[in-house]
Amino acid sequence: TVQVALRAIGKTCELERGINPTYPAPGQYITQLEMQVEGFRRRDPIPVPELAVPVAVAEWFAAKARDATSAEVAATGDLGVVAFFYLLRVGEYTSSCTRGLRRTKQFWVRDVSFHRHGRIIDPAGDLEALLSATGATLKLTNQKNGVRGSCVHHHAISNTDVCPVRALARRVHHVRSNGGTGDDMLCTFFDHRGKGVVKDRDVTRMVRVAAVDLKLAERGFPPHRVGSHSLRAGGAVALAVNGASRDMIKKIGRWSSDTFLMYIHEQISHLTVGVAERMATPFPFTNIEGATTSGDHGNR
């Protein structure tokens, strides 16, 4: 859209020169641009965001990582699990297919720390030691909204294959055991071709394959409506459906405002279970604003 283009141009200028020429004040367009953008917005088509996917997709990613015959598929599978539970933007855990200045920085291996019952585990240890971790923390160097040094922690999930802590353990061990260091991106993998990286389009492709394999179209999730963003949205919806507070969702997703509510999609029917029944319950009430006598009207 025009608004996105203007925002991108202004942000590029801000990153290079420290000044955003489209804003007279932070977060505000200059009046003429604002009027023009509003005119274009009225003619814009209805936005069609990527749909939030159920946890079954994260489980599918975990199974792909477990049964993978290639390092690339294993890496993509584990990263999908991590993205769902840590509510990651795709640019935070993959290598972008586009070039240019970006505020969001990808996770490096050094940004992951593992803990076992409160004690820090050596990230260069063997796989068995890392898989025994009871928790893992991701530290963000920088992110889209300008917040630096944010940390997100998750505890390990036992008796299941879909565990974000073990997925991170496999990623870190794979990189370090193949000659990588903490300065490698978390999406790095090594195979017979050498060193490679998982790209954002690889995650989108796998999410859509998952939608087909799981027959999600029958539940209202056509493959063309899901993508890499669906994992972040799906994690937010999973938290909301299971009773997490707004503050908790905002903390895990590192949202600085209530914009995260856009991820709690209206098509998630579970969120409105019983709402119509409650609305149908009789509740007598009086309109106090209109509680005047007919004679009073004539004296006004």
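A: Happy to! Let's start with His 154, whose side chain reaches the backbone oxygen of Phe 85 at 2.7 Å. That is a polar contact, a pair of N or O atoms within 3.5 Å; within protein, one must be able to donate a hydrogen and the other to accept it, and residues adjacent in sequence count only if both atoms are side-chain atoms.

Q: Before we go on, what kind of model is this?

A: This is a predicted model, where local features need pLDDT of at least 70 and side-chain atom pairs count only at pLDDT 80 or more, while totals for chains, interfaces and linings use all residues. Residues are numbered from 1 along each chain as its sequence is written, and side-chain values use heavy atoms, with hydrogens and water left out.

Q: Thanks! Back to His 154: where does it lie, buried or exposed?

A: His 154 is part of strand β4. It counts as buried because its relative accessibility is 17%; buried means under 20% relative accessible area, exposed over 50%, and partly exposed in between (1.4 Å probe, protein chains only). Helices (H or I, at least four residues) and strands (E, at least two) are DSSP runs, numbered from the N terminus.

Q: And which residues is His 154 in contact with?

A: Setting aside neighbours within four places in sequence, the contacts of His 154 include Phe 85, Tyr 86, Thr 134, Pro 164 and Ile 252. Contact here means heavy atoms within 4.5 Å.

Q: Which residues are buried in α10?

A: Helix α10 covers residues 246-253, and Ile 249, Lys 250, Ile 252 and Gly 253 are buried there. Among the elements covering them are α4 (71-86), β4 (151-155) and α9 (229-241). Arg 254 follows α10 and has a positive phi, near 55°.

Q: Switching topic: how many salt bridges are there?

A: The whole structure has 12 salt bridges. Each is a side-chain nitrogen of Lys or Arg within 4 Å of a carboxyl oxygen of Asp or Glu.

Q: Which residue does Asp 78 pair with?

A: Asp 78 pairs with Arg 170, with the closest N and O atoms 2.8 Å apart. The two link distant parts of the chain, since Asp 78 is in helix α4 and Arg 170 in helix α7 (residues 164-177), 92 residues apart. Asp 78 is buried, at a relative accessible area of 4%, whereas Arg 170 counts as partly exposed at 26% relative accessibility.

Q: Which residues form a network of salt bridges?

A: Arg 66, Asp 67 and Asp 161 are linked that way.

Q: Last topic: what lines the second largest pocket?

A: Its lining has 21 residues, and those nearest the centre are Pro 54, Val 55, Gly 234, Val 237 and Ala 238. Helix α9 gives the largest share, 6 residues. By type, the lining divides into 14 nonpolar, 6 polar and 1 charged. Ala, Val, Leu, Ile, Met, Phe, Trp, Tyr, Cys and Pro count as nonpolar, Asp, Glu, Lys and Arg as charged, and the others, Gly among them, as polar.

Q: And what counts as a pocket?

A: On a 1 Å grid over the protein atoms alone, a pocket is an open set of points where a 1.4 Å probe fits, with protein on both sides within 12 Å along at least five of seven lines; lining residues have an atom within 4 Å of a point.
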